[in-house]
Amino acid sequence: MGKYFGTDGFRGEANADLTVEHAYKVGRFLGWYYGQKEPDTRCRVVIGKDTRRSSYMFEYSLVAGLTASGADVSLLHVTTTPSVSYVVRTEGFDCGIMISASHNPFYDNGIKVINGQGEKLEESVILEIEKYLDGEMGEIPLARKDSIGRTTDFAAGRNRYIGYLISIATRSFKNMRVGLDCANGSASAIAKNVFDALGADTYVINNNPNGLNINTDCGSTHIEVLQKYVREKHLDVGFAYDGDADRCIAVDSEGEVVDGDKIMYICGKYMKEQGILVNNTIVTTIMSNFGLYKALDREGIAYEKTAVGDKYVYENMSANGHCLGGEQSGHIIFSKHATTGDGILTSLKVMEVILEKKQPLTKLAAEVEIYPQVLKNVKVKDKLAAQEDPEVKAQVARVSESLGESGRILLRQSGTEPVVRVMVEAASRDICETYVDQVIEVMKDRGHLL
């Protein structure tokens, strides 16, 4: 991770950590960088954004920087992160930019840069952007005369993505009662159209964004809202997305949560039965639950573990040819169809298993017994200092020794927030709570907490 860019782009509070000047300079660099790679060909960049009030401000700043460096810019307007990835790789753009802070509150925002293959930008290029932001490289020349870029509407690109999603479905959703929680975010512009086109009886909540309500008591980070809705409306299944719709968490007909771990199991087992689970392997992160691994062992499915972040999951998948991977949080990657996590695509793949196997999600998910897990986010002054403190490390070692083979403890820093995450998995929730609190107490005593 760099000074500005974390595991999922440049993210922070709008006009505090991430400013319009930052956005302008990112645009200036990208327009110049991709423009010089083929000097006789004009650089082409596509931009999408979520529904935050500040997304419009950053869109205009990025456009100004890009066109000032000679790039032509196409605007998808409000759309999802995976749609930007799709459009970049299918429409021949040099790169794509998504303006979003994903599941963060409305006052945060972010800049996610996607390369020409629809993948998250290479670390080497990110480091060059950061040098430019810090004034460590020469000034970038401004485009002149007819070399100045222009901006055009490209809402058609979003419509093509919707058509692509519809084409992936293997069956009609007729007579299926489906709930969608769009988190007042990007999915509001797409998800209902897809499910309606496939014939579902679609029930949608939190699809009236006003710039301030994205992720507020809704979506995949507040799944209890959809749980209640599914039960009240007697729906067959529900799907909740986050702000930019690259995550999906499901809810079964009884209102029980089916998280990313269970989704990977359900889809992975089905894909193995169909003979399409390449390498018979699923890629997870270190945060996946013990219960998932026990279920995969039972089914004879191999797995690999990466650092937390769908970026690392995809890198592993790409390097080794695996076709399914993801995170407990709902970032699921189906590499046959996408190069990033895609919440709406994930919900379509879950629907495929339900329909093809003629089994409710409740039964499909019951095969995974999830171990109790407690994860607490601790705001700290310095993430590295808190993790590397000798007394904190000693307490973590004591907890690990006490848990033995019956559990585990993990400390990791957020890639986008001033937060250290403390997670314990054990035989009971009480045990988890006790050990998590013990570690946090040591952090507090050592003066690390904000």
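Helices (H or I, at least four residues) and strands (E, at least two) are taken here as DSSP runs, numbered from the N terminus. The model is a predicted one, so local features were kept only at pLDDT of at least 70 and side-chain atom pairs only at pLDDT 80 or more, while totals for chains, interfaces and linings use all residues. Residues are numbered from 1 along each chain as its sequence is written, and side-chain values use heavy atoms, with hydrogens and water left out.

Together with Tyr107 and Leu212, Phe106 makes a nonpolar surface patch of about 250 Å². Patches are built from residues with over 30% relative accessible area and no salt bridge, joining like charges within 9 Å and nonpolar side chains (Val, Leu, Ile, Met, Phe, Trp, Tyr) within 5 Å; the areas come from the Shrake-Rupley method with a 1.4 Å probe, and for residues only the protein chains shown count as cover. Phe106 has a relative accessible area of 31% and is partly exposed, on a scale where buried means under 20%, exposed over 50% and partly exposed in between (1.4 Å probe, protein chains only).

Ser102 sits in the loop between strand 5 and strand 6 too, but is buried at 1% relative accessibility. Its phi is positive, about 55°, although Ser102 is not a glycine. Most residues other than glycine have a negative phi. Asn215, in the loop between strand 9 (201-205) and helix 7 (224-233), also has a positive phi, near 65°, and is buried with a relative accessible area of 6%.

Strand 18 runs antiparallel to strand 19 (residues 419-425) over 6 bridges, with Gln413 opposite Val420. Contact means heavy atoms within 4.5 Å; axes are lines fitted to C-alpha atoms, for helices over the stretch in contact, and angles run from 0 to 180 degrees between N-to-C directions.

Helix 10 (residues 310-320) has Asp310, Lys311, Val313, Tyr314, Asn316 and Met317 buried. These residues pack against helix 4 (123-133), strand 13 (281-285), strand 14 (302-306), strand 15 (324-326) and strand 16 (332-334). Just past the helix, Gly321 has a positive phi of about 80°.

As for charges, the whole structure holds 30 salt bridges, each a side-chain nitrogen of Lys or Arg within 4 Å of a carboxyl oxygen of Asp or Glu. Asp310 of helix 10 belongs to a network of them that also links Asp8, Arg11, Lys112, Lys120, Asp244 and Asp246. Within it, Arg11 and Asp8 come to 3.1 Å between their closest N and O atoms, and both are buried. Asp389 and Arg446 meet at 2.9 Å, N to O. Asp389 lies in the loop between helix 13 (383-388) and helix 14 (390-403) and Arg446 in the segment after helix 15, so this pair ties together parts 57 residues apart in sequence. Asp389 is buried at 6% relative accessibility, whereas Arg446 is partly exposed at 39%.

Note on methods. Pairing = 2+ DSSP bridges.
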